[in-house]
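I kept them in the order in which I worked.

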Amino acid sequence: MDLLTFAEPIPIEEIRAARERIVGASLRTPLVSFPLEDAPCEIFLKLENLQPIGSFKIRGAGNALALVDPDELAGGVWTASAGNMAQGVAWHARRLGIPCAVVIPETAPEAKRAAILRLGARPVEVPVGEWLEVFRTRRREGMEGMFVHPFSDPAVMAGNGTIGLEILEDLPDVEAVVVPYGGGGLCVGIASATISLAPSVRVFACEVETAAPLAASLAAGRPVEVPFEPSFVDGIGAPVVYPEMFEMVRHLVEGSIVVSVQSVARAVRLLVERARVVAEGAGASSVAAALSGRAGGGKVVCVVSGGNIDSSKLGAALRGEVPEPAVARKA
């Protein structure tokens, strides 16, 4: 499958094979009920925040690296990430005993920076615009080793699709799945699994209103650029939808549910108070979307994609405030 021209869903055989490859390197995370008396639907939480790195990214990174000949990995690996894919690649690189470097934006949250260093990876900090460009070009001067794209890679998406297999096995009568949308790799992976095994299940992307290019692109019928405003929801959101991802997503999702930053902050607080679950902004965005009622009124699974949130931001959300966005660190 060509990296830049694919438009079909990830084959279910590849997703099943990915599950076998990552056994022992990632968890089968629990699917739990989230009882809220005033919710418009019956909400279930797929707790990817409980992965060893606190994010679903361990799945796609693990599958991508498992498919590469060990000799090709001798020179190390690198990726571009705001923090979660960085941890996924770094976690597997440490397990394999190979070097890892990560291109991160200068606004990367402190919790994710600390985790990258803790896992032994070398962060390369760049301006946000330069960081976004790596996703398109798949290269950056000075980086060595194999590049693992954080979302636009069939192997990464197949690894992400294993979440869909688990959801369908644990809740066969699920009616809708809400998936945070960043680059699209998580959404495509999960939707590929459901469309193959349970085509009646509706999959919704969710975005935050300060950076929601997918909703605008779906409305226009083509990838469009939108205004981008940084927020504490750092794991999703961008000015653009990458064309190769749009061609896949447009055929797989019911639509994109756009939520406010305020509603995401409320969802972070509700998850802690009612379910004792710590989610980062991106991870809580699916709950905010379900609570809006736009995913329907039946059994809705919210993918809690990650839990890597700065303690200061978590504290603000618990006080009923909207956490401030990360800012570029001073040199």
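I took contact to mean heavy atoms within 4.5 Å. I worked on a predicted model, in which local features need pLDDT of at least 70 and side-chain atom pairs count only at pLDDT 80 or more, while totals for chains, interfaces and linings use all residues. Residues are numbered from 1 along each chain as its sequence is written, and side-chain values use heavy atoms, with hydrogens and water left out.

Entry one, a single residue. I looked up asparagine 63, which lies in helix α2 (residues 57–66); helices (H or I, at least four residues) and strands (E, at least two) are DSSP runs, numbered from the N terminus. Is asparagine 63 buried or exposed? Its relative accessibility is 1%, so I count asparagine 63 as buried, where buried means under 20% relative accessible area, exposed over 50% and partly exposed in between (1.4 Å probe, protein chains only). Leaving aside neighbours within four places in sequence, I found asparagine 63 in contact with Ala18, Arg21, Ile22, Ala155, Ala158 and Gly159.

Entry two, a helix pair. I then saw that α2 and α6 pack at an angle of about 130°, with their axes 7 Å apart; axes are lines fitted to C-alpha atoms, for helices over the stretch in contact, and angles run from 0 to 180 degrees between N-to-C directions. The two helices α2 and α6 are therefore oblique to each other, since angles under 35 degrees count as roughly parallel, over 145 as roughly antiparallel, 65 to 115 as roughly perpendicular and the rest as oblique.

Helix α7 (residues 185–197) has 13 residues, which at 1.5 Å a residue should span 18 Å, and its end C-alpha atoms are 19 Å apart, which agrees; the expected span is 1.5 Å times one less than the number of residues. I noted that ten of the 13 residues of α7 are buried, among them Gly185, Cys187 and Thr194. What covers these buried residues includes α1 (12–22), α6 (154–170) and β8 (202–208).

Entry four, a sheet. I traced an open sheet of four strands in the order β5-β4-β3-β6, with parallel pairing, where two strands pair if DSSP finds at least two bridges between them. Its edge strands are β5 (122–126) and β6 (146–147), each pairing on one side only. Helix α5 (residues 128–137) packs on this sheet, touching β3, β4, β5 and β6.
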